[in-house]
Amino acid sequence: MTADTRSLSRPLAGRSPAPRTGGRSARLQEALAGYSFAAPNLVLIGLFLLYPVVSAVLISLRDARGFGDGDFIGLGNYARLLSDAAFWQSTANTVLFTAITVPLSMALGLGLAVLMNSVLPARGLFRTIIVLPMVVSGVATALVGVLIFDEGTGILNKLLRAIGGPALSWQSGGAEAFASVVIITLWVRVGFNMVIYLAGLQGVSPELYESARLDGANAWQQFRNVTLPLVGPSTFFLLVMNVIYSFQVFDIIFVMTGGGPGYSTSVLVTYAYQNGFVTREQGYAAALGIVLLIITLVFTALYWRASRARDLTD
Amino acid sequence: MDLTRRQLLGTAGVFSASALLAGCAGFSRPDSGGGEGGADLTFTTWASESEEVVFRSLVDRFQEANGVTVNLNVVPYEQIFRNIDAQLQSGTAPDVFRVDYGNLGVYSSQEQLLDLSDLVDNGNDFIPAFWQAVQFDGTPFGVPHQTDVSAIVYNVAAFQAAGITSVPDSLESAWTWDEFSGVLAQLRGSLPPEQYPFVYNWQLGGAPRWLSFLFAAGGRFVEDDLVTPAIDSDAGRRALDYTKGFFEQSWVPANSAVKSSTYADAVFLAETAVMASAGSFVVPGLDAAGFEWATTYLPRDQRGATDLGGNALVATAGTANPDLAAEFLRFMVEQEAMAEFCAATNELPTLTSLVDTELDYAVRPDVMPVFVQQATTLEESDVAQLTIPGMASVTTALQDQLDLAFTSGQSTEQTLANLSDAIGQATGA
């Protein structure tokens, strides 16, 4: 961007030594040109990002139910959150879901990327198979999940019965239901993690491995001391993306368990949806959304700080 | 005019912004003046295959008779009320839409629907309970289009295999709860572990159907004032303990509780359960079953009871053509149109004049009399409760609390206390 602007301004600067006022006018024109290029994105961001966020904050301060604006109640909806057991359980579930899915999807993604980066027969086919769930809609993936985990007619319980094992309560047991949504999430997410890690791995020079081997490093030592540090930027990027995805999980849980049994798989977004669109308590649902936004913002701020420190040390 | 390259690029930037924003025109409101695309009226509904065919045929007939254009907009059931809510809030709602009796109260109590007091004058032609269901504070806001109460469907061969030879053939002889428990236990004894005696249709928004047990036990969920919670009662305890027993005794699949994502009739069709409670509207779907099935009545306790299924047609308060919208509503509930609709879709009429008429049902007409008679167990006091403005919140509370009671071991006392609190909040008690 900077290079483009410089190259555009060069002919003008070279045409004549502009007087002081002319320079200011040129700078103004340049600024205007810059803003006009940025304008489409600024308008879209303002319209579809900032306006809804500000509206959500305003709605969260009102007792908005159904239609109309509702009465202004200040922080009433936020106070209600504090004493709402379902909110706390949904928050705990969201944190637990994030704590399980983020490291697992990254570890599996890295493992597969290392495997796919090696000399493996038909690796193009395997890569495609692993990435495939990424291109299928979340709802369709979740429906596949229902086919697999249905307690009565699902493939998994049929297999368990066929080998003489006990059928598991994938839908009526809280822990099993939670496990089922985690498994399907991993299935979807591992492909994305693998692709990013694969790109990172392909930037690692083979000479480094050769040198490590000459120093007597075994396979694990090569992975631990060469691969892992050098895919650090990918790890950092994936950590942020995965945490955001996990905090915003909705479609898979909504379709597979509806938040049940009880509140066992209810997460912040499904709970906000239920309040906003089923019971039509938009004010309360907006407050839930703002809490989610704040959690994500805090995480992003931490990421920024760490990222800046990282850039400086690099 | 001497145009510099920067000016040219700047202008191009502004134009590209305009083009981008023009691309957003897809989000703008449809043509005003009645309906979309220049239509005089827009009618939004969800519809099964058989319902869509007959809706189209009736809409065509109305268009021809009145020389107008009606835009029939069929959308999936799962999204219709989210869409309607958003459209009402943005002033782009259809002129007419289909709504269940429970949701109707949400819209009518918040002044979103057209007052039909002076536009529909045949209120007395409807079965009183259904005419009452479309009113709020004595004002009609819709026309009762059809109903589809639940009854029992059962797998004939499974019953024979379990030695159950006698099945009630009249409302008066319907099984009592104790007799029904005996039948379930008998079936449990004859079925393999992966098959179940029964499945109840309270999943996927069907939580209010549990209230049929409460009503049958002689209970109510709100007092006569329709505000004070009344569910924490002996009848409430009896109904909840009885239905919790279904799960405790493995009489129903463990994954068929209120938050399950599978419909009861699908469980019955898959032969995972050999008996199900089902609305008459699923009869066309059950016709594809690869086994013989028949119908009987829901079990009774202090009285018989069933759910308030079915839907009304309403016009929105902001319609540009209130007279034409009312004319369309009147047309859809004329005796001939209602008979045609119900016969084609295996649903039940709401006009008194059609109650004793034998309709020419398209699928399994032999099983329909059971549904017709079961509908008579619905009482006006049930309807009054099921159509309160806060019903959507009551439904959510039932969904959450019943699921906790059925799957997470929440006690009956705690469940009823929580439900009572939630109902109080919903009604503003």
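Into which domains is chain A divided? I looked this up before anything else, in what is a predicted model. Chain A is divided into domain 1, residues 2-60, and domain 2, residues 85-313.

**Entry 1. Chain A, domains and overall form**

I took the separation of the two domains next. The C-alpha centres of domain 1 and domain 2 of chain A lie 39 Å apart. I then looked up the contacts across the boundary: four residues of domain 1 of chain A are in contact with six residues of domain 2 of chain A.

For secondary structure, I found 14 helices and two strands in chain A. I compared its radius of gyration with the expectation for a compact globule. Chain A has 26 Å, whereas a compact globule of 314 residues would have a value near 20 Å. Along the principal axes, the C-alpha atoms of chain A fill a box of roughly 90 × 75 × 30 Å.

I also recorded burial and contact range. Of the 314 residues of chain A, 31% count as buried. Among its contacts between residues at least 6 apart in sequence, 65% join residues at least 24 apart.

**Entry 2. Helix α5 of chain A**

I checked the length of helix α5 of chain A, residues 123-135. At 1.5 Å a residue, its 13 residues should span 18 Å, and the end C-alpha atoms are 19 Å apart, which agrees. I then looked for a bend along α5(A). A kink of about 30 degrees lies at I129(A), shortly before the proline P133(A).

**Entry 3. N193(A)**

Is N193(A) buried or exposed? I located N193(A) in helix α8 of chain A, residues 174-201. I counted 28 other C-beta atoms within 10 Å of N193(A), and 20 or more are needed for burial, so N193(A) is buried.

I listed its contacts, leaving out residues up to four places away in sequence: N193(A) touches S105(A), M106(A), G109(A) and L238(A). I also took one distance to a residue of another part of the chain. P52(A) is 141 residues from N193(A) in sequence and 30 Å from it in space, C-alpha to C-alpha.

**Entry 4. Chain B, overall form**

I turned to chain B, which has 18 helices and 10 strands. Its radius of gyration is 25 Å, close to the 22 Å that the globule rule gives for 429 residues, so chain B is as compact as a globular protein of that length. The C-alpha trace of chain B spans about 95 × 50 × 50 Å along its principal axes.

Burial and contact range were looked up here too. Of the 429 residues of chain B, 50% count as buried. Among contacts in chain B between residues at least 6 apart in sequence, 76% join residues at least 24 apart.

**Entry 5. Domains of chain B**

I noted that both domains of chain B are written as two segments: domain 1 is 36-148 + 309-375, and domain 2 is 150-307 + 390-427. Their C-alpha centres lie 28 Å apart. Across the boundary, 21 residues of domain 1 of chain B are in contact with 20 residues of domain 2 of chain B.

I asked which helices form the domain 1 side. Helices α4 (101-108) and α15 (368-375) of chain B each supply at least two residues of it. The largest share, six residues, comes from α15(B).

Not counting residues up to four places away in sequence, V96(B) touches L41(B), F43(B), L313(B), V314(B), A315(B), A325(B), F328(B) and L329(B).

**Entry 6. Between the chains**

I closed with the contact between the chains. I found 32 residues of chain A in contact with 36 residues of chain B. On the chain A side, α2 (20-60), α12 (251-256) and α13 (268-278) each supply at least two residues. The largest share of that side, eight residues, comes from α2(A).

Notes: Residues numbered from 1 in each chain as written. Chains lettered and ligands numbered in written order. Predicted model: local features only at pLDDT ≥ 70, side-chain atom pairs only at ≥ 80, totals over all residues. Helix = DSSP H or I, 4+ residues; strand = E, 2+ residues; numbered from the N terminus. Rg over C-alpha atoms; globule rule 2.2 N^0.38 Å. Buried ≥ 20, exposed ≤ 12 C-beta atoms within 10 Å, placed from the backbone. Contact = placed C-beta atoms within 7 Å. Expected span 1.5 Å × (residues − 1). Bend = angle between axes of the 7 residues up to and from the residue. Domains from an automatic or database assignment.
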